[in-house]
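Here are some notes for a first look at this structure. Please read them with the model open beside you.

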Amino acid sequence: MSRLSPLDEPMLSTQQRALYDALNNGPRARRDKIGFIGPFGVWLHSPTIGDAAQSFGAVARFKTALPERIKEIAICTVGAYYRAKFEFAAHGPMAIAAGVPAEAVEAIRVGADPGFTDAADTASYRVARALLLQHRLSDATYADAIEQFGESPLVELVSVIGYYCLVCLTLNAFDVPLTQQMKDPFPD
């Protein structure tokens, strides 16, 4: 159960309505409404922050030069590090759909080395882990990432990692519940 009071769509303020509409008409929307789930339900409580966060997230998620697989490896690595149930439950299947082997996603979930054979996959994982654990990149990790991605895509990768840190902290701080369709990746 979320720690925040539930929101009711007809009672949204003008700013909340604008954010709600942006979420449900933007690149994240599919056939179903996003509604009040995930970090977006939290950010609707502070629509100015929410609009900035979702705008940045839309760019990080949908408008980078990075392949989906590379982004999903980083996102899952962040989700597993923070044990953000909603995030990992949402992005684990997305990673598999993007071509990340299911065994690698499982290894990331449990904190094991995913054993990637692709150099770019390995670089994405190592960049995310280094930033999470050491809060910086060693010269070797940086050089490898530059070799794999180049400067602009590396800036994008670091931005994706940072955005998903925000997402995971938001989810965990407000104890955002899983949807009924999600499987708990970190049962207590």
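1. A starting term: contact means heavy atoms within 4.5 Å. With that in hand, take Asp 121, which sits in helix 7. Setting aside neighbours within four places in sequence, Asp 121 is in contact with Arg 69, Ile 70, Ile 73 and Phe 116. Is Asp 121 buried or exposed? Asp 121 is buried, with a relative accessible area of 6%. Keep in mind throughout that this is a predicted model.

2. Arg 69 comes up again in a salt bridge. Its side chain meets that of Asp 118, at 3.5 Å from N to O. Asp 118 lies in the loop between helix 6 (102–110) and helix 7, and Arg 69 in helix 4, so the pair ties together parts that are 49 residues apart in sequence. Asp 118 is partly exposed, at 32% relative accessible area. Arg 69 is partly exposed too, at 23%.

3. Next, a pair within helix 4. Glu 68 and Lys 71 form a salt bridge through their side chains, at 2.8 Å from N to O. The two are three residues apart in helix 4, so about one helical turn separates them. How do the partners stand in accessibility? Glu 68 is partly exposed, with a relative accessible area of 36%. Lys 71 counts as buried, at 3% relative accessibility. The cut-off for buried is under 20%.

4. The side chains of Arg 109 and Glu 106 meet in a salt bridge, at 2.6 Å from N to O. Arg 109 counts as partly exposed at 24% relative accessibility. Glu 106 is partly exposed, with a relative accessible area of 37%.

5. How many salt bridges does a search of the whole structure find? The search finds nine. Some of them form a network, which links Glu 9, Arg 17 and Asp 21. Side chains of opposite charge can pair when their charged atoms come close.

6. The largest nonpolar core has 38 residues. Those with the most contacts inside this core are Trp 43, Val 78, Phe 149, Leu 157, Ile 161 and Tyr 164. Which helix gives the largest share? Helix 9 does, with ten residues. In soluble globular proteins, nonpolar side chains tend to be buried together.

7. Look closely at Ile 161. Leaving aside neighbours within four places in sequence, Ile 161 is in contact with Ala 74, Val 78, Val 127, Ala 128 and Leu 131. There is also a second, separate core of twelve residues. Ala 80, Phe 88, Val 105 and Ile 108 are among its members.

8. Finally, a helix pair. The axes of helix 5 (residues 85–97) and helix 9 (residues 151–173) come within 8 Å and cross at roughly 130°. That makes helix 5 oblique to helix 9. Which residues meet there? From helix 5 come Phe 86, Glu 87 and His 91, and from helix 9 come Tyr 164, Val 167, Cys 168 and Leu 171. The residues of this contact divide into five nonpolar, one polar and one charged. Tyr 164 is also one of the residues with the most contacts inside the largest core.

Key:
Residues are numbered from 1 along each chain as its sequence is written. This is a predicted model: local features need pLDDT of at least 70, side-chain atom pairs count only at pLDDT 80 or more; totals for chains, interfaces and linings use all residues. Side-chain values use heavy atoms; hydrogens and water are left out. Axes are lines fitted to C-alpha atoms, for helices over the stretch in contact, and angles run from 0 to 180 degrees between N-to-C directions. Helices (H or I, at least four residues) and strands (E, at least two) are DSSP runs, numbered from the N terminus. Angles under 35 degrees count as roughly parallel, over 145 as roughly antiparallel, 65 to 115 as roughly perpendicular and the rest as oblique. Ala, Val, Leu, Ile, Met, Phe, Trp, Tyr, Cys and Pro count as nonpolar, Asp, Glu, Lys and Arg as charged, and the others, Gly among them, as polar. A nonpolar core is a set of buried Ala, Val, Leu, Ile, Met, Phe, Trp, Tyr and Cys residues joined through side-chain atoms within 4.5 Å. Buried means under 20% relative accessible area, exposed over 50%, partly exposed in between (1.4 Å probe, protein chains only). A salt bridge is a side-chain nitrogen of Lys or Arg within 4 Å of a carboxyl oxygen of Asp or Glu.
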